[in-house]
Amino acid sequence: MSDAPRRIVTGHDGSGKSVVVSDTPVPKTLDIGTAAFHEVWITDATPAPIAATEPEPTDRPVRVPPPANGVMVRFTEMEPGAASPMHRTETLDVGVVIDGETWLLLDDGSETRVGPGDAVVQRGTNHAWANRSERPVRMLFVLIDGTISDELKATLGPLELFDQALE
């Protein structure tokens with residue numbers, strides 16, 4: 001996988017002026033061999049509380065759904081030939097291809113090529129990603145905690161994240 005992306009975080013000094021409080025590679029990366037997840041920022045609530053200082057928000061296990069009422073921002077990279085399992089989370093996700101290309105697979109059998117600058121808005125649907133190219137793909141994802149309506153939930157069955165049923 002490529003180097004961890006750079007993360008620049010702004011904040012405030014003692015007099016309330018805007019300052020850069022850190023400028024480093026993202027502090028948390030999970031490399032699973034065929035894919036890597038680079039955590040950029042995580043909030044535990046919306047609206048997100050903004051204080052003069054706060055602990056590192058990515059200092060927690062890497063997981064797919066964001067915290068309840070929270071938001072998660074991450075870069076995801078997949079090697080050529082890599083594919084994720086079909087999965088669904090109770091989230092609204094926006095994924096943007098930064099470099100390379102991938103295929104969005106849905107459970108209706110459709111397959112959509114997604115290339116640089118393309119954005120996918122994932123609304124709690126069952127899906128998978130497949131990198132069918134000869135080079136890695138890098139995407140930026142914003143995952144927002146969501147609630148699937150009771151009416152829709154009745155048609156979907158249980159939420160499944162890879163091999164783990166979510167309540």
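Me: What pattern does the protein chain follow when it is read along the sequence?

Reply: In this predicted model, the protein chain reads as β-β-β-β-β-β-β-β-β-β-β-α-β-β along the sequence, and it has one helix and 13 strands.

Me: How do you know whether the radius of gyration of the protein chain agrees with that of a compact globule?

Reply: For 167 residues, a compact globule would have a radius of gyration near 15 Å, and the protein chain has 17 Å, which agrees. The C-alpha trace spans about 55 × 40 × 25 Å along its principal axes.

Me: What share of the residues counts as buried, and what share of the contacts joins residues 24 or more positions apart?

Reply: Of the 167 residues, 36% count as buried, a word kept for residues under 20% relative accessible area. Among contacts with a separation of 6 or more, 66% are between residues 24 or more positions apart. The accessible surface of the protein chain comes to about 9,700 Å², and 55% of that belongs to carbon and sulfur atoms.

Me: Why is the pair Arg138 and Glu77 called a salt bridge?

Reply: The side chains of Arg138 and Glu77 meet with an N to O distance of 3.0 Å, and the rule asks for a side-chain nitrogen of Lys or Arg within 4 Å of a carboxyl oxygen of Asp or Glu, so the pair qualifies. By the same rule, the count comes to nine salt bridges.

Me: Are Arg138 and Glu77 buried or exposed?

Reply: Arg138 has a relative accessible area of 18% and Glu77 one of 5%; buried means under 20%, so Arg138 is buried, and so is Glu77.

Me: What makes Lys153 and Glu90 a salt bridge, and where do the two residues lie?

Reply: Their side chains meet at 3.3 Å, N to O, which is within the 4 Å of the rule, and therefore the pair counts. Lys153 lies in helix H1 (residues 150-156) and Glu90 in the loop between S5 and strand S6 (91-99), so the pair ties together parts that are 63 residues apart in sequence. Lys153, at 37% relative accessibility, counts as partly exposed.

Me: How do you know that Arg113 and Glu101 form a salt bridge, and which parts does the pair tie together?

Reply: The closest N and O atoms of Arg113 and Glu101 are 2.9 Å apart, and because this is within 4 Å, the salt bridge is counted. Arg113 lies in strand S8 (residues 111-114) and Glu101 in the loop between S6 and strand S7 (102-106), so the pair ties together parts that are twelve residues apart in sequence. Arg113, at 41% relative accessibility, counts as partly exposed, as does Glu101 at 22%.

Me: Why is Asn69 called exposed?

Reply: Asn69 has 51% relative accessibility, and exposed means over 50%, so the label applies to Asn69.

Definitions and conventions. Residues numbered from 1 in each chain as written. Predicted model: local features only at pLDDT ≥ 70, side-chain atom pairs only at ≥ 80, totals over all residues. Heavy atoms only, no water. Buried < 20%, exposed > 50% of the residue type's maximum accessible area, 1.4 Å probe, protein only. Helix = DSSP H or I, 4+ residues; strand = E, 2+ residues; numbered from the N terminus. Rg over C-alpha atoms; globule rule 2.2 N^0.38 Å. Contact = heavy atoms within 4.5 Å. Areas by Shrake-Rupley, 256 points an atom, 1.4 Å probe, with all protein chains shown as cover.
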